Structure formats: C-alpha cells, structure tokens
Amino acid sequence: MNAGAGRPEHEAVEALAARHRAVLASIAGACARAGRDPLDVQLLAVSKTVAPERLRDAVAVGLDRLAENRVQDGVAKAPLVPGATWELVGPLQSNKARRAIETFVRIQTVDSADLARRLDRIAGEVRPRVPFPVLVQVNVDADPAKAGFAPAALERELGDLLTLENIRIGGLMTVGHLTNDPEAARPTFVALRDLSRRVRAIHPELGPELSMGMSDDFAVAVEEGATIVRVGRALFGARPG
C-alpha cells in the first residue's frame, strides 16, 4: 500500500479539528472576559456551499450542529450526513415552510407575523402537540438590505405571536452589518441584547436565546451575550467564488 494513501484526507480532517478547537478557544476567551460559562454558548457550523463529505468529517470532529441558508440545500444534504442536526439561518419563503419544518430542528429567521402564523399552522399539521422551535429575526440596525422585525414592530406584535400554540419562540436573532472590524459590530449585538431584556420583562415566556455573531465577530457577540453563534468560514475556510 502506498504510505501516502489517504493522507490528504486525514490532513483535511485534522485541519478542520484544529479550526474547531480555535473557535472554541475564542468562545471560551470571550466568556472569560464577560464572566460567562462557555457551556452557555452554542456553536452552529454554517455549512453553506460545503460538500456533504466534508460535513461528515465535521460531524466526526464534533461539529454535529449544522446550519444552512437555503431550505433546498438542507433538504439535499441532511440524508447524506448522519448524526447531524440542522437549523435554518437564511430567509424562508412561505411556500417552503412545510419542507423547512420537516428538515430542520429550528428555524432562526421568522421575520414577519405572517410567516410565524404560517409556520404555526403547518407545525400543527406536521407535528401536533409538539411546538416547533423558532427564533424571531430582528433588524436592529434598520438596514434596508436585511430582513426582520423592526424593534418597535416586535414590541408591538410579540404578545400575539407568543400565543401561537404550535411554535415555541426561543429568543431573538439578528444579522449584523458585514464588517472586517469586529468592534464595529458591537452596537448591533448590544442593541439585540437590550431589546431582549426589554421585551422579556413584559413577556417572560419569550425564550432567552440570542443568535448573533458570525466568523468575523462571534467573539464580540459572545462578550455581549450571544447564546448561539453562527460560524462558517472560520471553520470550513473561505467559500469558493
């Protein structure tokens, strides 16, 4: 047998494991600075454009919580990656709501009351008596390029959304400004944290999750209270194209 056979694949797995350890170390460091427990932060590996064989390697090194931006990509990959759970972190078109509920364990991008009500109806049909977990997406920066509730609209509508019986709103999610300076993202994370505290004081049934922070700024997000970080490039490397 060729002594080098399989070595590139082994090296790729080792590199992925090393990046995983580095991300966990960054989370731990941010938690130490903020006086938090690293176990309170969930790491989601965003698998956009990543091939199923690499995702099987990811599961092997402990990255078994995966996230996709598009419903169709999650539908295609999920059967090919045993041992993983999947979340949707990209926009959800209403006509794909049923497939999303069937494929993902949580939808993080409920960005309108209409979508919440549609998911509630479909979840009641697909999995009656077992509320489906979701997060509500908030556009805290009032960025016209981003989806999500405006903070004032969320405060106005949240009470009604929390009465929906077939979805469970576990907390809030935001997509911040794309920036190479992590500190520039801090005001976004502070705003979501403060909004969560404000609305939970009125609606304690809202869950405490804060999904915020990606590859360039997840450590700052953790310092400001993120309970879920969505990391792709820092784990899998630069995406093609």
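The lining of the largest pocket comprises 11 nonpolar, 12 polar and 7 charged residues; here Ala, Val, Leu, Ile, Met, Phe, Trp, Tyr, Cys and Pro count as nonpolar, Asp, Glu, Lys and Arg as charged, and the others, Gly among them, as polar. The model is predicted: local features need pLDDT of at least 70, side-chain atom pairs count only at pLDDT 80 or more, and totals for chains, interfaces and linings use all residues. Residues are numbered from 1 along each chain as its sequence is written, and side-chain values use heavy atoms, with hydrogens and water left out.

The chain has an average pLDDT (the predictor's confidence in each residue, from 0 to 100) of 94, and 96% of the residues score at least 70. Where pLDDT is low, the predicted coordinates should not be read in detail.

The largest pocket has a volume of about 700 Å³. A pocket is an open set of points on a 1 Å grid over the protein atoms alone, where a 1.4 Å probe fits, with protein on both sides within 12 Å along at least five of seven lines; lining residues have an atom within 4 Å of a point. Grid points are joined across faces, edges and corners, and the volume is the space filled by probe spheres set on the points. Of the 30 lining residues, Asn-69, Lys-146, Val-175, Leu-178 and Met-214 lie nearest the pocket centre.

Lys-146 is found in the loop between β5 (132–137) and α6 (151–161); helices (H or I, at least four residues) and strands (E, at least two) are DSSP runs, numbered from the N terminus. Beyond four places in sequence, Lys-146 contacts Asn-139, Val-175, Gly-176 and Leu-178. Ala-152 belongs to helix α6. Both residues are partly exposed, that is, between buried (under 20% relative accessible area) and exposed (over 50%), with a 1.4 Å probe and protein chains only.

| Residue | Relative accessible area | C-alpha separation |
|---|---|---|
| Lys-146 | 24% | 10.0 Å to Asp-111 |
| Ala-152 | 49% | 9.6 Å to Leu-195 |

Note on methods
Contact = heavy atoms within 4.5 Å.
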